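Open the model in your viewer and keep the selection tool at hand. This tour goes stop by stop.

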Amino acid sequence: MTTEEFVGISNLPNQIYKLVSKQGGVFTLLTCGESGLGKTTFINTLFQATLKPSDSHTGRSMQGPIRKTVEIDILRAELEEKNFTLKVNVIDTPGFGDNINNDKSWQQIIDFIDDQHDSYMRQEQQPYRDVKFDLRVHAVLYFIRPTGHGLKPLDIETMKRISTRANLIPVIAKADTLTSQELQDFKLRIRQVIEAQEIRIFTPPLNETQDDAAAMEHARQLIESMPFAIVGSEEQFDNGSGTKVVARKYPWGLVEVENDQHCDFRKLRSLLLRTNLLDLVLSTQELHYETYRRLRLESHLNGSSNDNELGEKSANNFVAAPARKLSHNPKFKEEENALKKYFTDQVKAEEQRFRQWEQNIVNERIKLNGDLEKIQAEVKKLEDQVATLKLRKR
Amino acid sequence: MSASPVSQVFSPSNNGVSVFRRKKEKRGITFSMMLVGASGTGKTTFANNLLESTIFPHRYQQDVPASTNNENVKIIQPTKVVTFNSMNGIPSYMSAFDPASPFLEPGITVTSTALEITTKSSEDIDSATPEKINFFLTDTLGLGENLNNGICFDEIASYLEQQFDSVLAEETRIKRNPRFQDTRVHVALYFIEPTGHGLRELDVEIMKRLSRYTNVLPIVARADSFTPDELTRFKKRIMEDIDRFNVPIYKFEVDENEDDLETIEENKALARLQPFAIICADQRDNATGKYYREYPWGKIDIDNENISDLKLLKRVLFGSHLQEFKDTTQNLLYENYRAEKLASVPAWDIENNEVIDTSINDENNEGNSSGLMKGLTRNSTAPSLSNFASLINTGKFKSQQSLAIPPQSETPSTPRLTGVDEGDESRASISASSQKSTPANIQTSPERTKLRNISENIPYMLQHERIVARKQKLEELEAQSAKELQKRIQELERKAIELKMKEKLLRQNSHSQSQESIQTNTTKQNSTSGGAYIKKEETYNDLASIISKKE
């Protein structure tokens, strides 16, 4: 009989459930990739709402100059499903990879991710820390251009840097331009590169001990189909059997977004929202944030013990904001160096000119002095002549 | 398979026939095309589709031997690298896929292939000998794959300039090479990435550069990523951007007075269609010989003109506009370049200063009509295609003006220029050679001597310029690879130092262990806290071992 009367411990999950559903959740997603890969469309497709009009970029680029810089666009939205609200922050990076010289164009994105960790850390150190403004990036979607060849150096450099700071999920954008064979080859090459370059991409945890075989199988499937090939669309079409589906309508057929035969969109959505949202949030907190914190604190300790230039507040355990000047951005540094070089060159040239002038003036003076002496000598000679003539006259 | 779609496409379309026949030589028609565009936009596939063969291997699939399965196409000269440039001094073309190295920037490689296309015009009975097109295909690889793509278009532009230079050198030579091959690029297809947003900085910059040397046709590559609505919007945006940034692409212009009605209609239709949107494919139906793309949701027949402009483009390239592309290259772009180039010559050989003005005018004629006939008037060298006459005239007008100015402005500053020449060996030698030849012959027939001088000097000058440029590039490459090596050495040294540090640390640890004092260990911990995480753990282990020993 005692087994029927529970103490109540098993009710804890329900309590947590209530608490969480009251609080709601926060999810921050960063999209990164060259323009024209369907980032905006994908976001709209993912949440099935027009969070951002897809024409917003083009309108701006029509007016501005063609040389673009990487910008950070933050979009906040609250989504409600079955009385549960999820606060979604979508961060877009328009202008990435659009220039002729894309060296260091990842810097803004990396800085943004670091800044979020930093601001969170400093908020934690405040005396009152119950309200936190948290925009730490839980997942980064990196959009790869469907070239069919492989990853570009820009992709690799950027992904390498992101993967040490956040959960990186590479996706093949606009996958409806690759045939199944091409897609298979392309995926294989990307996976090889990711492995060889030691880029850590996010993988759903595989708990061998857990007896939930279905979840395991699902996770394995997700890992196998990485990087996800996706197709985005904001329009709905009739799929022939009478139901409306989100799809792209081509003259040669209808690409259904939520069809596993056509693309991996459903798998990606499952990874992002349905099954692994919590994993993403937790691994951000436990892995990426902790790593950042550790590195920062260590470097802080080092900084105060090794060089005492900034050591005025090393007494308390408070970490200062990173001394991030304008020169932090390597691009600015390059420009600065170029300008400095230009300046010194100019100065040198001017100095050279002045020296030349000086030389000329000195030469002139010597010449004039010579002339003067000559004239004086002549005068003297004439005077002598005059004197001799006078003598003769007498 | 051979007779069906191929010959119809390659054979000139109805209106081009008459011009074609007259122009036809025994050696066939030379036509040269360049493919430019970011990697992964389907240049290779397009080339294969265009020739209906599998001549060009895909990236990372170079082990497949080049083969023509189209009997109308014959490879005369297999693909070879013409020029390349890369940041680390290593050419990337044909490198196999290596997952460990793709972070290396591939730089840019320009390759060239010579092909012979035979056209059996089935509708013509009298032509016993089939028509031949000597087709040069130049491909560019690695564009858009680098972090900094600045080096790419410099390389492409210098390649195009080189072709102009070699023709110019040949033209001015006294003894010409009868087997000289004109490798000027008549048309460049620029593949725009299917972003849906309009042109990017790179696109605008490259098209502007290319259009100085060749006709640029913008192409929307991989058009199968757009639905019909999106495609029309994208095309509109591209044309707007082209207008906005003044990109001088090839426009299908019409001359209302000169052209016949049919041509006007055709050109207008083509102009409306620009930029052409094409879909290319690798898969081929063995039965019908048609290319197709197969997706889980449908099959695309790339020859379907409602979907893809590929067939139309083929017709434009090999049929209706082939001669026009050649004529604009020769009469407008090349003439402008030539005038510019020759106008810059007077500054080089100053000894001929007084007579430069006339000599260049003569020289202009001499170039167009083979031979040294000075009596020819400018009109006689007018091109055969009348609708271009106006354009060419204006082009020449400009060139004449630009020719007239430099000698006048150069005369007063002569002493300064000679000073410059003394510094430069090459220039001095050129002026010296002209000096030697001038006084000897000047009494007998001054006009002839001038021409002789120019035809002697210019080829060498151009050659010399080329050599100097090449040398410079080689030096740059050398410097780059040296830098790369230096970097690697530094890296290795750094690693060595790190290892030494580690060794030292371990030794210290063992030393402190013998002292058995926890105090020193903790202080050391502080001092090493800046190092790697692993080191810390090591000290922890030490602590643990010490404690266990004590117990």
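In which helix of chain A is A:L19 found? Select residues 12-23: this is helix 1 of chain A, and A:L19 is found there. Bear in mind that the model is predicted.

Next, show the surface and pick A:L12, A:I16, A:L19 and A:V20. These residues form a nonpolar patch on the surface. Together they have about 340 Å² of accessible area.

Now turn to the strands. Select strand 2 (73-81) and strand 3 (84-92) of chain A. They pair in the antiparallel sense over nine bridges. Pick A:E78 and look across to strand 3, where its bridge partner is A:K87. Then go to the hairpin of strand 2 and strand 3, which has two residues between the strands. Click A:K82 there: it takes a positive phi near 50 degrees.

Strand 1 pairs with strand 3 in the parallel sense, over seven bridges.

Last stop: the largest pocket. How much space lies in it? About 1,700 Å³. Of the 42 residues that line this pocket, select the closest to its centre: A:G25, A:F84, A:T85, A:L86 and A:L277. Finally, colour the lining by residue type: 18 residues are nonpolar, twelve polar and twelve charged.

How values were computed:
Residues numbered from 1 in each chain as written. Chains lettered and ligands numbered in written order. Predicted model: local features only at pLDDT ≥ 70, side-chain atom pairs only at ≥ 80, totals over all residues. Heavy atoms only, no water. Patch = residues over 30% accessible without salt bridge, like charges linked within 9 Å, V, L, I, M, F, W, Y side chains within 5 Å. Areas by Shrake-Rupley, 256 points an atom, 1.4 Å probe, with all protein chains shown as cover. Salt bridge = Lys/Arg side-chain N within 4 Å of Asp/Glu carboxyl O. Helix = DSSP H or I, 4+ residues; strand = E, 2+ residues; numbered from the N terminus. 1 Å grid on protein atoms, 1.4 Å probe; cavity = no way out; pocket = protein on both sides within 12 Å on 5 of 7 lines; lining within 4 Å. Points joined across faces, edges and corners; volume = space filled by probe spheres on them. Nonpolar A, V, L, I, M, F, W, Y, C, P; charged D, E, K, R; others polar. Pairing = 2+ DSSP bridges.
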